[in-house]
Amino acid sequence: MYIPSSNAEHRPYVMLDYMEAHPLAALVTSSGEGLIATHLPLLVDRTRGTHGTLAGHIARANPQQRQAREGDEALVIFSGSDAYITPTFYASKARDGKVVPTWNYVAVHAYGTLRFISDPTDLRRHLEALTTRHEAPRAQPWSVSDAPDDYIARQIGAIVGVEIEVTRLEGKWKMSQNRGAEDIDGVIEGLGASDDPGERAVADVVRARRPEGGR
């Protein structure tokens with residue numbers, strides 16, 4: 001990933017925090033048949049591996065589990081915070097008009113060693129952990145044990161577990177750091193006034209990522 005120095009994030013814990021907060025990722029692998037990608041929710045286990053281990057599952061019918069080779073390097077792409085930036089946000093537009101649109105976004109790329117899991121006990125344990133993680137905020141959380149055992153067994157038979165031991169992380173927070181203080185203020189104000197909660201959230205990230213001395 002191309003990462004200008006002003007956009008780079010080097011702290012693993014910051015990138016892992018982002019991955020946990022935005023769990024739907026794209027798993028990209030290669031084979032003799034070319035590249036293939038699958039979007040799937042992933043759990044982050046920080047206790048395993050140098051930079052943690054990612055765990056998820058894909059459909060057994062998904063050709064990715066046949067085309068990708070266990071032990072190969074995989075790329076996992078996490079994203080989620082993004083917004084279009086109009087030149088009208090920039091104070092500098094009124095001075096010389098030398099501005100163009102851009103897009104602010106956050107992306108984390110995790111590279112690691114691919115492993116597939118077929119053991120039903122391990123897969124059930126994974127599903128329980130995944131559902132517990134995402135059902136926890138609900139007033140009446142659903143549990144895997146709420147469904148009949150034979151039904152869950154059939155569902156488990158239709159999936160393959162995926163683990164990626166992360167060996168390298170890349171983080172890019174492209175949040176207007178290359179602009180002057182007045183332009184950054186304009187981006188924060190413009191996005192902050194939006195009716196779109198996603199754009200308002202990006203305004204908060206721009207504010208948090210403001211370069212030192214940018215006020």
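Predicted model: local features only at pLDDT ≥ 70, side-chain atom pairs only at ≥ 80, totals over all residues.
Let me begin with Thr 86, which counts as buried because its relative accessibility is 19%, and the cut-off for buried is under 20%. Thr 86 lies in the loop that runs between strand β6, residues 73-85, and helix α3, residues 93-96, and its side chain makes a polar contact, at 3.0 Å, with the side chain of Thr 88.

Now to helix α1, which spans residues 12-21 and in which Val 14, Met 15, Leu 16, Tyr 18 and Met 19 are buried.

Next, a pair of helices: the axes of α4, residues 120-135, and α5, residues 149-157, come within 10 Å and cross at roughly 105°, so the two helices are roughly perpendicular to each other. On the α4 side the contact is made by Pro 120, Leu 123, Arg 124 and Leu 127, and on the α5 side by Asp 149, Ile 152 and Ile 156; of these residues, five are nonpolar, two are charged and none is polar.

Finally, Gly 192 belongs to helix α6, residues 181-192, and is partly exposed, with a relative accessible area of 38%. Beyond its neighbours within four places in sequence, Gly 192 is in contact with Val 187, Arg 200 and Ala 203. For Ala 203, which is 11 residues away along the chain, the C-alpha atom is separated from that of Gly 192 by 5.5 Å.

Notes: Residues numbered from 1 in each chain as written. Heavy atoms only, no water. Helix = DSSP H or I, 4+ residues; strand = E, 2+ residues; numbered from the N terminus. Buried < 20%, exposed > 50% of the residue type's maximum accessible area, 1.4 Å probe, protein only. Polar contact = N/O pair within 3.5 Å; in protein donor to acceptor, adjacent residues only side chain to side chain. Axes fitted to C-alpha atoms, helices over the stretch in contact; angles between N-to-C directions. Parallel < 35°, antiparallel > 145°, perpendicular 65-115°, else oblique. Contact = heavy atoms within 4.5 Å. Nonpolar A, V, L, I, M, F, W, Y, C, P; charged D, E, K, R; others polar.
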